[in-house]
Amino acid sequence: MTDAAGPSAIRPYHAGDRDAIARICLLTAAGGGDATGVYSDDALMPEVYALPYVDFAPELAFVVDDGGRIGGYVLGVADTAAFIDWWTREWAPGFRARHPSPGPPTAHRPAYTEAQLIVDGGDPARMRIPELDRYPAHLHIDLLPEYQGRGLGRRLIDTLRAALAERGVPAVHLGMDPANTRARAFYERLGFHELPSSRVDAPRLGIATR
Ligand SMILES: CC(C)(COP(=O)(O)OP(=O)(O)OC[C@H]1O[C@@H](n2cnc3c(N)ncnc32)[C@H](O)[C@@H]1OP(=O)(O)O)[C@@H](O)C(=O)NCCC(=O)NCCS
């Protein structure tokens, strides 16, 4: 890795990246910081916010490849409604079986509780926002700390927007942790705007794909 113009390449996801993606999700899941040990099971966050995406739409996942080391990713789905259907059929049953109830408390008291995380993993209907007609796609983006602030986030978002535009998808949205003020500044800098259903405690932003 040198700088934004250096050797870190953006490339499409490969199946061999799956574990690295789960790890990066965990390492960035606490308002942008490390969530290791926050929940009773470190697999929970990736099972709700990363792995279903690469299983459902591997062609809309892109990674930062730094000479074989994965430094970050953007994960997208083009059709959130179809993703909800898939999640209900294919993902929720296994998730519920693996995580029937919250585990023992940890030393942490996250605002996003383990009980809520477990509900969310089994409840894809939470993704059915009122703006889905105009913003059918949604995304998640995360970079390890040493890859942040080098232009890679912008490049990942540009790559996903172009891939969505190629597929005829007009716009993409995202939901985010209200405490993650750095990510909010990043999205605003890129031109994301607030959607009508956005709330202070549950921000929702969107942007056209071209
Ligand atoms: C948020 C994140 C994806 C941004 O990616 P990044 O590579 O650090 O951002 P970039 O370097 O591509 O920045 C792109 C633009 O946003 C601006 N920007 C980025 N962070 C900013 C901040 N905190 N405040 C103001 N502007 C910011 C940059 O100045 C840059 O502007 P320019 O392209 O016009 O020069 C990345 O920092 C990250 O993964 N953070 C941890 C995980 C996380 O929070 N994920 C999002 C969850 S919702």
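**Note on the sheet, the core and the ligand shell**

1. Strands S3 and S4 pair in the antiparallel sense, over 6 bridges; two strands pair if DSSP finds at least two bridges between them. Helices (H or I, at least four residues) and strands (E, at least two) are DSSP runs, numbered from the N terminus. Within this pair, Val 74 stands opposite Ile 141 in S4.

2. On the source: this is a predicted model, in which local features need pLDDT of at least 70 and side-chain atom pairs count only at pLDDT 80 or more, while totals for chains, interfaces and linings use all residues. Residues are numbered from 1 along each chain as its sequence is written.

3. The sheet as a whole is open and has 7 strands, in the order S1-S2-S3-S4-S5-S7-S6, with mixed pairing. Strand S1 (9–12) and strand S6 (193–194) are at the edges; each has a single partner strand, so one side of each is left without a neighbour in the sheet.

4. The partner of S1 is S2: the two pair in the antiparallel sense over 4 bridges, and Ile 10 stands opposite Val 64 in S2. Strand S2 (residues 61–66) also pairs with strand S3 (residues 69–77), in the antiparallel sense and over 6 bridges. Asp 66 stands opposite Arg 69 in S3, Asp 65 opposite Ile 70, and Ala 61 has Leu 75 as its bridge partner.

5. How many residues lie between S2 and S3 in their hairpin? There are 2, and Gly 67 in the turn has a positive phi of about 60 degrees.

6. S3 is mostly covered, since 8 of its 9 residues are buried. A residue is buried if 20 or more other C-beta atoms lie within 10 Å of its own, exposed if 12 or fewer, and partly exposed in between; the C-beta atoms are placed from the backbone.

7. The largest nonpolar core has 55 residues, and those with the most contacts inside it are Met 45, Ala 61, Val 74 and Leu 160. Such a core is a set of buried Ala, Val, Leu, Ile, Met, Phe, Trp, Tyr and Cys residues joined through C-beta atoms within 7 Å. Which helix gives the most to this core? H6 does, with 6 residues.

8. Ala 61 is in contact with Tyr 13, Tyr 53, Val 54, Tyr 73 and Leu 75, leaving aside its neighbours within four places in sequence. Contact here requires that the C-beta atoms of two residues, placed from the backbone, lie within 7 Å.

9. Val 54 is found in helix H3 (residues 51–56). Why does Val 54 count as buried? Because Val 54 has 22 C-beta neighbours inside 10 Å. Not counting residues up to four places away in sequence, Val 54 touches Tyr 13, Arg 18, Ile 21, Ala 61 and Leu 75. The C-alpha atoms of Val 54 and Gly 76 are 8.4 Å apart, with 22 residues of separation along the chain.

10. The buried residues of H1 are Ile 21, Ile 24, Cys 25 and Leu 26. What covers them includes helix H2 (44–49), H3, S3 and S4.

11. Trp 87 lies in helix H4 (residues 80–98) and counts as buried, because 24 C-beta neighbours are inside 10 Å. Trp 87 touches Pro 52, Ala 92 and Pro 124, not counting residues up to four places away in sequence. Pro 105 is 18 residues from Trp 87 in sequence and 27 Å from it in space, C-alpha to C-alpha.

12. The ligand is surrounded by 20 residues, of which the closest are Gly 32, Leu 143, Gln 148, Gly 153 and Ala 185; a residue is near a molecule if its C-beta atom, placed from the backbone, lies within 6 Å of it. The shell divides into 7 nonpolar, 8 polar and 5 charged residues. Ala, Val, Leu, Ile, Met, Phe, Trp, Tyr, Cys and Pro count as nonpolar, Asp, Glu, Lys and Arg as charged, and the others, Gly among them, as polar.

13. Strand S4 (137–143), helix H6 (152–166) and helix H7 (181–190) each supply at least two residues of that shell. H7 gives the most, with 5 residues.
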